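Visitor: I'd like to learn how to read strands and cores in a model like this one. Can you walk me through it?

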Amino acid sequence: MKITDLLVMKEIDILAGRINKDEVIDHLLNLMEISDQEIYKQGIVETATKMGEETLVFYVPVDKEPRLSVVVVKDNVLESLPEKLFFMITVPKNDVDILTKILTLLSKMVKERKFEEQLINAQDPEKIITLIKEFESYDLLIVNTDAVNIKAVENLKIKAEEMNISFKIESNDIEAKDALTKEALEKIRCVIIVGAGQVEMSRFDGKPVMMIKDVKNIDEAKTLLYQAVNEEIDIFHYQNEVKKPVKAYRIILKRMYQQLSRGIDKILPVLMGSGALISIATLAVSYNLFGISSLVDNVWIANSYVFGNAIQGMIAALLAGFIGQTIAKQAGFATGFSCGVATQLNVIYLNDVNNPGLLGGIIAGFIGGYAVILLQKSCKRISDKFDEVKSAVIYPLFSIVFAGMITYLISPYIGIFNHTISNFISDMNLGFKLILGMAVGAMMAIGGPVNKIGYILEISQILEGNYDVMAAIMAAGMAPALAIAFATTLFESKFSIAEKKLGRENFLMGFAFVSKGIHPFIQKEPQLVTITCIIASVIAGGLSMVYNCGVMVPCGGIFVLPLIAHPLRFLIALLAGMICGGTVYGLWREAGDE
């Protein structure tokens, strides 16, 4: 419900001269053509509610739908009635909720002195309606900075509608077609920023701003919205946030890293499933399970192997599509996917051994996504009436043709580079394997972007048939949590009761390839725990590589142990990292309080 929903032109009047309270009430009732005025009049006087500095509100319960009449008395100076702006609300009898909502909306509107004066100084009823309509445009701006926060934004949207809060949802992407204008933004009362993506904060200088990562349910959304509309959040001052200038290339690189990360996150379930299909078939043949010594011995095993390989053959193109989607939405997916396919043409039709692989998919995704962005910017001057034509014809046609051609032309060079790296890894001697395993182990322990780069390296090598790197990274990712759990168990006298409980929970989390359990320990002793994690990961990763352990799935922890080549060796490498890291942590840590 909005105030403008209750207003009609004929029930608004602007008067000159002086007027007393009885005359104001009579005039408000006449505007709404309410008969039997004397029956209501005494009760109406008692409902008088002062709002703002020069506003008085009356209400009358009648058997009618909610309505609102307005009277402005510009020159009123009576001591008994100093107000100049008057509202009369008609509400159905005994409907307290509607009355409360209308009073709340009026109070929010006239408590801003500048706006109250604008209403009083309006020259005609049409201007009053226009002013109120502009005022009610939006109370709240919700900025979605990350595609993964769709559920959080949906929770806020549902509850805002229930709470009668007018709102605008803005997606923070490069195109930003739904961004509010500067004039519209001035009317926003509060901003809620959802997610951890980049956003231009200077726009919100001087406004109440709330930053949240997630909204788990409707109840949490209600609490956040209540704080927002009741101004229980701090005013944001942009100049206080800017401590030093950030170079443009850093912003670009950070944005591209985020886009790559989102694309990788989307492709992981596909890679997990395809790797499992191939691994199950390979496992059955390798161990002669159920008498199966060859793929042709069982149609289901054969189909599993073929199906898994067929999916993996599309991984690079799918990744390119997902990266393109994070850059330019649906149009970006179409172009990115097409560019990803273009990187595979020489492999498919010319049997080129230099497969661009995942590296080609990443490059294709960025070329496709930013080709769409460039095209969208070039077409901005074309009228919005042709948006459907642009989306259905211009963007896909030109972006796919030109970006696909560029990707196809550079794909042989990407393939040569990728093939060189893959051959080097597959032909490494024992010493180089140890060094690589320790390096990827350290990358996993450090976390952040370095961790993600290691993960991307691992996925790329799965597609090239070098499964040892994946196993090393999985061991390195599991070892830190297990090391903490081992230390809190073996050196329990050095830990508090709470720390021992938290620490031992890491046994389960570590074996499940989950590292969240080490965060409380890192926060308390960042240097010592970081060293512990690096030691555990380096030893586990290095030994896993030396032992030629390999796995085709990108995650899963101990649950995919049957799919790992040389599972016993993998466990030995993992336990070695756990014991060494945990012992270092336990010996160096000072005793805590019980």
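Visitor: Let's start with the strands: which residue in E5 is the bridge partner of Thr-55?

Guide: Keep in mind that this is a predicted model. To read a pairing, pick a residue and look across to the neighbouring strand. In E5, Thr-55 has Leu-85 as its bridge partner. That bridge belongs to the pairing of E3 with strand E5 (residues 85-92), which is parallel and runs over 8 bridges.

Visitor: In which sense do E2 and E3 pair?

Guide: Strand E2 (residues 49-51) pairs with E3 in the antiparallel sense, over 3 bridges. There, Met-51 stands opposite Thr-55.

Visitor: Why is strand E3 described as largely enclosed?

Guide: Count its buried residues: 6 of the 8 in E3 (residues 55-62) are buried, so the rest of the structure largely encloses this strand.

Visitor: And the cores, how do I read those?

Guide: In soluble globular proteins, nonpolar side chains tend to be buried together. Here the largest nonpolar core has 54 residues, with Met-474 and Phe-570 having the most contacts inside it. Several helices supply at least two residues each, including H10 (248-286), H18 (468-490) and H22 (567-588). H18 gives the most, with 13 residues.

Visitor: What is Phe-570 in contact with, leaving aside its neighbours within four places in sequence?

Guide: Its contacts include Met-474, Met-478, Cys-549 and Leu-561. Apart from this core lies another, of 30 residues, among them Ile-3, Leu-99, Ile-102 and Leu-119.

Key:
Residues numbered from 1 in each chain as written. Predicted model: local features only at pLDDT ≥ 70, side-chain atom pairs only at ≥ 80, totals over all residues. Heavy atoms only, no water. Core = buried A, V, L, I, M, F, W, Y, C linked by side-chain atoms within 4.5 Å. Buried < 20%, exposed > 50% of the residue type's maximum accessible area, 1.4 Å probe, protein only. Helix = DSSP H or I, 4+ residues; strand = E, 2+ residues; numbered from the N terminus. Contact = heavy atoms within 4.5 Å. Pairing = 2+ DSSP bridges.
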